[in-house]
Amino acid sequence: MTHEELFKIEKEGYITWLTLNRPEQRNRMTIGFLESFMELFDQFDKDPDVRAVIIKAEGKSFTAGMDVSELSSLLAGGGADSREQLRKSILHLQEGINVIERCRKPVIAAVHSHCIGGGIDMISACDIRIASKDVVFSIRETKIAIVADLGTLQRLPHIIGDGWFRELALTGRDFSGEEALKMGLITHLLEDRKALYDKAKSIAEEIVTCSPLAIQGVKDVILYDRDSSVHAGLEYVAQKNATLLPSEDMIEALQAFKEKRPPVFKGK
């Protein structure tokens with residue numbers, strides 16, 4: 001399927017809305033879905049007119065997770081060669097989620113109703129997650145005898161802490177928006193989808209008023225720090241600022257402050 005069949009992409013100023021658009025299949029994630037993510041987020045990363053991305057979904061569910069009907073094609077055969085091919089296939093599909101995290105532009109997940117299995121992989125790679133009150137989350141893989149392999153087990157403990165994470169990953173149980181807010185998986189719980197999308201837009205609008213270079217630098221340093229020691233992270237951010245500063249954006253910020261006006265950043 002083409003990008004156009006899987007997603008709707010709409011630009012609103014510096015904000016790009018990426019809408020999952022398989023409502024009749026409850027936005028189940030396919031191999032083509034993840035491969036499209038690889039291309040789309042690479043495009044978002046390179047486009048200077050994209051400063052924030054919001055992921056939302058059409059239909060009754062945000063996503064019901066991976067389309068298990070496709071998994072059988074990956075499991076054909078039983079020899080050592082087929083198992084090695086399966087390993088490579090899994091690594092390839094992981095890139096469909098990794099690109100969300102690697103995208104230098106902040107990504108906001110606006111989640112409604114069901115966000116199951118692979119959906120947790122997806123939103124764990126986003127920078128900010130918000131949801132409507134009808135949301136139902138689940139790390140569902142243990143219920144179908146699979147080890148989650150697209151990033152949930154690696155990313156989610158850093159978001160919600162080890163205690164909550166182990167309970168949810170090992171039981172595979174459903175959990176509510178109220179629980180997700182309490183544990184820090186989401187930062188806002190909204191009354192309905194209109195309020196959800198209004199809040200997503202409001203957060204994105206605040207982001208895009210900031211210097212694109214600074215925003216991209218912050219995201220880069222956050223990811224480096226997560227996977228490094230405190231002192232390595234401090235050295236990295238020192239090098240980052242030594243490379244970036246002074247920038248045209250910084251000079252504009254100082255000038256705007258003196259002139260008592262909002263700054264106009266160009267990402268230079």
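In the predicted model, β1 and strand β2 (residues 15–20) pair in the antiparallel sense over six bridges; pairing requires that DSSP finds at least two bridges between two strands. Strands (E, at least two residues) and helices (H or I, at least four) are DSSP runs, numbered from the N terminus. Glu10 stands opposite Trp17 in β2. Residues are numbered from 1 along each chain as its sequence is written. Because the model is predicted, local features need pLDDT of at least 70 and side-chain atom pairs count only at pLDDT 80 or more, while totals for chains, interfaces and linings use all residues; side-chain values use heavy atoms, without hydrogens and water.

The open sheet has six strands in the order β1-β2-β3-β4-β6-β9, with mixed pairing. At its edges stand β1 (7–12) and β9 (188–190), each with a single partner strand, so one side of each has no neighbour in the sheet.

Helix α2 (residues 31–46) and helix α4 (residues 80–102) have axes that come within 8 Å and cross at roughly 30°. Axes are lines fitted to C-alpha atoms, for helices over the stretch in contact, and angles run from 0 to 180 degrees between N-to-C directions. The two helices α2 and α4 are therefore roughly parallel (angles under 35 degrees). Contact (heavy atoms within 4.5 Å) involves residues including Phe37 and Phe41 of α2 and Leu93 and Ile97 of α4.

Gly163 lies in helix α7 (residues 162–171) and is exposed, with a relative accessible area of 54% (exposed means over 50%, with a 1.4 Å probe and protein chains only).

Terms used. Parallel < 35°, antiparallel > 145°, perpendicular 65-115°, else oblique. Buried < 20%, exposed > 50% of the residue type's maximum accessible area, 1.4 Å probe, protein only.
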